[in-house]
Amino acid sequence: MRIATTVFLTDRTVSPVRLARSLEERGFAGLYLPEHTHIPVARETAAPMGGELPEMYGRTLDPFVALAQAAAVTGRLHLGTGITLVAQHDPIGLAKQVATLDHLSGGRFTLGIGYGWNVEEAADHGVEWRTRRELVRDRMALMRALWAPEPVAYVGEFSCVQASSAHPKPVQAPRELAPGVPLHGPRTLIGGAAGPKLFTAIADHADGWLPIGGGGLTESLPVLRRLWETAGRDPKALQVVPYAVQPTPGKMSHYADLGIEEVVLQLPSAPEAEILRALDVYAQYL
């Protein structure tokens, strides 16, 4: 298995440059970074892990800027978002950011996307919570129109773009959504908890799933695979990448038995010395 990592990089942690170099030197496969633009203080939405929301959520670095630094000082390390809050972005600008990062990194970028959990954060971006899933699908379709090799227009429920010259293009080759139907752009994985809505979206317009925490895969993977194949997708093309995992030897062995090819381990949001100690512990899984 390829062993990647994720971490909440902030203005108080190790720098993206130092972390990226340390990961590549040790042989780790990748670095994924989360996204929060801001955390409203007057927040009614419960923290996803329960209890008080850790300070790191409100101090998170912009993932695209941080990953660009990481790309500039590495040659093999794969880079990804875990996850990009697509509904909170202008899709034309986001398409440019994604394509630029994939281009500059030589095709090393994975676009992890999701729907978010913080209602107040999304509201400040003008997002209507009940239609956020539909909005994300619409914006992904617009972005893929801009990533297509030839100019093509897109008119959707929430957004539209004229047939346009839009470069650079993502480096990664298109895959097939269905025979003869290309899927343009970098590898795209959708994060979230198992369920019919999420699995339908994955089969509809993504390359696979980022199951947060990596639990319950024995039960959920067969369900996703059935839905994927029913949608006409190639069974061999589905990618499932357990994300933000706290590893144990038994857990990693279980993933291997399930046919998992990549796992993303959770690093502490911490200064350099603590991060390097965690990498030394995780090196046993390489």
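Helices (H or I, at least four residues) and strands (E, at least two) are DSSP runs, numbered from the N terminus. With that in hand, let's take a walk through the structure. This is a predicted model, in which local features need pLDDT of at least 70 and side-chain atom pairs count only at pLDDT 80 or more, while totals for chains, interfaces and linings use all residues. Residues are numbered from 1 along each chain as its sequence is written, and side-chain values use heavy atoms, with hydrogens and water left out.

**A loop to start with**

Ala 166 sits in the loop between β7 and β8. Its relative accessibility is 16%, so Ala 166 counts as buried; buried means under 20% relative accessible area, exposed over 50%, and partly exposed in between, with a 1.4 Å probe and protein chains only. Glu 150 is 16 residues away from Ala 166 along the chain, and their C-alpha atoms are separated by 9.1 Å.

The loop between β7 (160-161) and β8 (175-178) also holds Pro 168. The peptide bond leading from His 167 to Pro 168 is cis, with omega near 0°. Another cis peptide bond joins Gly 82 and Ile 83, with omega about 5°, and Ile 83 belongs to the loop between β3 (78-81) and β4 (84-85).

Backbone angles deserve a look too. Most residues other than glycine have a negative phi, and most peptide bonds are trans. Ala 244 is not a glycine, yet its phi is positive, about 55°. You can find Ala 244 in the loop between β12 (239-240) and α8 (249-257), where it is buried at 18% relative accessible area.

**How the helices pack**

Axes are lines fitted to C-alpha atoms, for helices over the stretch in contact, and angles run from 0 to 180 degrees between N-to-C directions.

| Helix pair | Axis separation | Angle |
|---|---|---|
| α3 and α5 | within 9 Å | roughly 55° |
| α5 and α6 | 12 Å | about 10° |
| α2 and α3 | 11 Å | about 15° |

Take α3 (residues 91-104) and α5 (residues 132-147), whose axes cross at roughly 55°. That angle makes α3 oblique to α5; angles under 35 degrees count as roughly parallel, over 145 as roughly antiparallel, 65 to 115 as roughly perpendicular and the rest as oblique. The crossing of α3 and α5 is right-handed. A crossing is left-handed if the near helix is turned anticlockwise from the far one by less than a right angle, and right-handed if clockwise. Pro 91, Ile 92, Leu 94, Ala 95, Val 98 and Ala 99 of α3 make the contact with Arg 139, Leu 142, Met 143, Leu 146 and Trp 147 of α5, where contact means heavy atoms within 4.5 Å. Sorted by class, this contact has 10 nonpolar residues, no polar ones and one charged. Ala, Val, Leu, Ile, Met, Phe, Trp, Tyr, Cys and Pro count as nonpolar, Asp, Glu, Lys and Arg as charged, and the others, Gly among them, as polar.

On to α5 and α6 (residues 196-205), which pack at about 10° and are therefore roughly parallel to each other. Here Arg 133, Arg 137, Met 140 and Arg 144 of α5 meet Lys 197, Leu 198, Asp 204 and His 205 of α6. This contact has two nonpolar, one polar and five charged residues.

The helices α2 and α3 are also roughly parallel to each other, and their crossing is left-handed. Phe 64, Leu 67, Ala 68 and Ala 71 of α2 meet Leu 94, Gln 97, Val 98 and Leu 101 of α3. Of these residues, seven are nonpolar, one is polar and none is charged.

**Into the core**

A nonpolar core is a set of buried Ala, Val, Leu, Ile, Met, Phe, Trp, Tyr and Cys residues joined through side-chain atoms within 4.5 Å. The largest one has 70 residues, and Leu 19, Leu 31 and Ile 202 touch the most other members. The biggest contribution to this core comes from α5, with eight residues. A second, separate core of 10 residues includes Tyr 32, Leu 85, Leu 189 and Val 264.

Leu 19 is one of the buried residues of helix α1 (residues 16-26). The buried residues of α1 pack against β1 (2-6), β2 (30-33), α2 (63-72) and α9 (272-282). Beyond its neighbours within four places in sequence, Leu 19 has contacts including Leu 31, Leu 267 and Ile 275.
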